[in-house]
Amino acid sequence: AILSSTRIAEVTGIEIVSVNRVPRLDKVVKAQEENREPGPGTICSYQMSGDQGALMIMVPPLKDRSARKYWEDRAEYFKTFPGGAHYVEGLGTDAWISGATHLHVLARGDEHFIVATQMVHPRGREIIVKVAKAVLDH
């Protein structure tokens with residue numbers, strides 16, 4: 001519900017063939033353990049054309065939606081994977097890329113989100129930064 005597939009296509013220049021809400025992995029595992037379907041989830045997944053995989057916009061669960069939690073997770077990642085994360089200027093209060101595919105953005109106050117590609121993409125950084133800017137402008 002954050003951005004339409006049309007808007008994602010405009011921003012990235014990539015055809016979006018479908019959009020779905022998908023659950024977080026921990027919700028899928030819990031549902032499997034309880035022998036039930038996990039439900040639609042809270043991750044917006046935009047399937048890109050061809051074999052480019054999906055582009056996702058994720059908002060943390062309410063219990064983890066605080067600036068304090070954002071900064072804790074950021075510090076832990078930078079400590080655990082030195083050199084594996086990179087700061088991104090000009091996005092929200094703070095932004096950084098992990099694993100070449102996930103862009104973490106502290107928008108303002110306690111609001112933060114992640115834009116990610118399912119696979120490493122030749123234009124990956126450009127794509128996730130453009131989508132994050134569109135989210136912030138929304």
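Here are my notes, in the order I looked things up.

**Before anything else.** I'm working from a predicted model.

**The sheet.** I found 7 strands in an open sheet, running E1-E2-E3-E7-E6-E5-E4, with antiparallel pairing. At the edges I noted strand E1 (16-22) and strand E4 (85-87), each of which pairs on one side only.

Next I picked E5 (residues 94-98) and E6 (residues 102-108). I see that they run antiparallel and that 5 bridges join them. Within this pair, I found Ala 95 standing opposite Val 105 in E6.

**Helices on the sheet.** I then checked helix H4 (residues 124-137), which packs on the sheet and touches strand E3 (54-58), E4, E5, E6 and E7. The direction of H4 makes about 150° with that of E7. Helix H3 (residues 67-80) lies across E4, E5, E6 and strand E7 (111-117). I get an angle of about 40° between H3 and E5.

**A closer look at Thr 12.** I located Thr 12 in helix H1 (residues 5-12). Is Thr 12 buried or exposed? I call Thr 12 buried because its relative accessible area is 3%, under the 20% cut-off. Leaving aside residues up to four places away in sequence, I list Leu 55, Arg 123, Ile 127 and Val 131 as its contacts. I also found a polar atom of the Thr 12 side chain 2.8 Å from the backbone oxygen of Ile 8.

Conventions. Residues are numbered from 1 along each chain as its sequence is written. This is a predicted model: local features need pLDDT of at least 70, side-chain atom pairs count only at pLDDT 80 or more; totals for chains, interfaces and linings use all residues. Side-chain values use heavy atoms; hydrogens and water are left out. Two strands pair if DSSP finds at least two bridges between them. Helices (H or I, at least four residues) and strands (E, at least two) are DSSP runs, numbered from the N terminus. Contact means heavy atoms within 4.5 Å. Axes are lines fitted to C-alpha atoms, for helices over the stretch in contact, and angles run from 0 to 180 degrees between N-to-C directions. Buried means under 20% relative accessible area, exposed over 50%, partly exposed in between (1.4 Å probe, protein chains only). A polar contact is a pair of N or O atoms within 3.5 Å; within protein, one must be able to donate a hydrogen and the other to accept it, and residues adjacent in sequence count only if both atoms are side-chain atoms.
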